[in-house]
Amino acid sequence: MKIKNTNLNALSEVVSVILVLVLVVVLAMVVYALFFGTISGYLKSTSLVAATAGTVNVPLGTSDSTQILYALPASGQKYYLSGQSNILPNYPVASFVLNDPSGNNYIVQTLNYSASANRYGTPLFIYQDQNYNMWVTDSQQKVLAAASQIRPFANGVWTIKMIDNTANVPLTQMTVNIGSNGGGSINPLAGTTTWANGSWNLVNSSGYEINFTNYGVTPTTGPGGTNAFYFNGSSYVSGQDNAGLDFTGNMSLSLWIDPTTATSPLSSSGSNWGNLVGKGSIDSSGNENDNYQLAQMGNQLYFEWGDTSTGQHYNIVTPAGSLTNSQWNYVAVTTTANGAPEIYINGVAQPYTLSNSNTPLSNVIGSCTNPPSCTTLPPTFPGVVLDNVNNGITIGKQNSASYPFYYTGSMSAVTFYNQAITQSAISNNLNNYLT
């Protein structure tokens with residue numbers, strides 16, 4: 001049996017030498033920083049980025065489209081993208097790597113970046129060409145110009161990695177499942193389509209454009225300094241029918257409005273009615289054919305739809321005083337197939353009166369007094385089954401010569417979803433001036 005001999009004096013000398021070496025390195029770095037203003041060559045900083053990803057359809061001619069990927073950085077610390085011309089020192093510089101459903105990795109090449117491509121909320125589009133090269137850009141014009149050369153992505157789960165080139169670590173990682181419908185159905189940005197300022201198009205966040213025509217609507221400033229539009233009581237915007245805006249069950253409408261005729265409850269004469277957005281029409285004989293209509297009626301909100309299961313019209317109306325005049329109101333309507341509609345004003349679910357007609361408060365069949373669950377609706381109500389009609393979209397009036405119901409006031413960021421967005425998403429939109 002032996003006792004291990006530990007020489008404490010020798011150990012102390014070794015530790016002292018190590019501490020001295022560490023101190024010398026630290027002092028050298030400090031001196032370097034004093035002379036050169038940085039130690040970034042020794043200490044690599046990085047950033048974490050919160051982002052989402054999905055697919056967006058790029059039009060091929062007038063009747064077909066193909067899916068590409070997008071990444072949408074939402075929040076985090078400042079960074080730049082490899083290939084930008086305005087990169088400042090001491091910030092992470094990012095690039096993209098794709099991993100396909102078979103496990104193959106692809107370096108994504110930069111096609112073109114603007115100076116604002118690294119701004120949070122800017123979508124970055126990723127596509128592959130006919131030679132299987134991967135490209136990324138924030139320019140929808142570049143994507144549209146390359147549309148004929150785009151090769152469809154294979155079905156399955158794709159992984160998008162955003163890599164910090166400075167520290168060689170991932171900033172974020174996202175997955176996108178491209179399904180069997182990946183070749184052509186128009187489903188821009190999972191149903192999100194936003195009306196963009198200046199172009200008079202509906203443009204989703206990933207650049208899919210649907211042409212619209214402006215009839216006298218003028219730009220103005222919206223909530224939080226966002227882009228908005230002023231409707232003078234005889235102006236409107238209209239567009240042709242598009243499959244990306246046809247809904248039969250799950251859907252949401254979301255927008256900001258600043259009405260000037262919301263001083264009193266809805267008038268039975270229609271004098272203070274203003275159609276906000278709709279996909280319907282009324283012919284010369286008075287026959288109404290609707291997919292959906294959203295209107296401001298005095299200080300109340302009105303949503304109407306044609307029902308494909310019954311062939312009838314239904315509408316809901318919020319209580320008097322639910323809208324505020326000459327002030328920005330954030331409104332949202334959501335529906336689920338065979339479920340109860342929900343209607344929100346400034347993030348709050350509203351009670352409503354339900355009618356089986358295309359006239360507000362006519363042939364009332366029930367009410368929702370406990371939103372958003374609305375368990376007080378009558379059991380005979382079939383739920384929402386939207387009638388898919390081939391009408392164009394009209395913003396700012398109803399598509400009718402006899403009953404135009406022009407809207408007067410400002411409007412910002414009309415947005416369509418092919419899903420029922422959640423109350424938390426609605427609250428986030430409200431708090432961040434989004435739709």
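Student: In the hairpin of β22 and β23, which residue takes a positive phi?

Tutor: This is a predicted model. The hairpin has 6 residues between its strands. The residue with a positive phi, near 65 degrees, is N338.

Student: How many bridges join β22 to β23?

Tutor: Strand β22 covers residues 329-335, and strand β23 covers residues 342-345. The two run antiparallel.

Student: Which residue in β24 stands opposite Y344?

Tutor: β24 spans residues 348-349. It pairs with β23 in the antiparallel sense, over 2 bridges. Opposite Y344 stands A349.

Student: Which residue in the turn between β23 and β24 has a positive phi?

Tutor: β23 and β24 form a hairpin with 2 residues between them. A positive phi of about 55 degrees occurs in that turn. The residue is N346.

Student: Is N275 buried or exposed?

Tutor: N275 is found in strand β18, residues 273-282. Its relative accessible area is 5%. Buried means under 20%. Therefore N275 is buried.

Student: With which side chain does the side chain of N275 make a polar contact?

Tutor: Leaving aside neighbours within four places in sequence, N275 is in contact with residues including L294, A295, F405 and Y407. Q293 is also among its contacts. The polar contact, at 2.8 Å, joins the side chain of N275 to the side chain of Q293.

Definitions and conventions:
Residues are numbered from 1 along each chain as its sequence is written. This is a predicted model: local features need pLDDT of at least 70, side-chain atom pairs count only at pLDDT 80 or more; totals for chains, interfaces and linings use all residues. Side-chain values use heavy atoms; hydrogens and water are left out. Two strands pair if DSSP finds at least two bridges between them. Helices (H or I, at least four residues) and strands (E, at least two) are DSSP runs, numbered from the N terminus. Buried means under 20% relative accessible area, exposed over 50%, partly exposed in between (1.4 Å probe, protein chains only). A polar contact is a pair of N or O atoms within 3.5 Å; within protein, one must be able to donate a hydrogen and the other to accept it, and residues adjacent in sequence count only if both atoms are side-chain atoms. Contact means heavy atoms within 4.5 Å.
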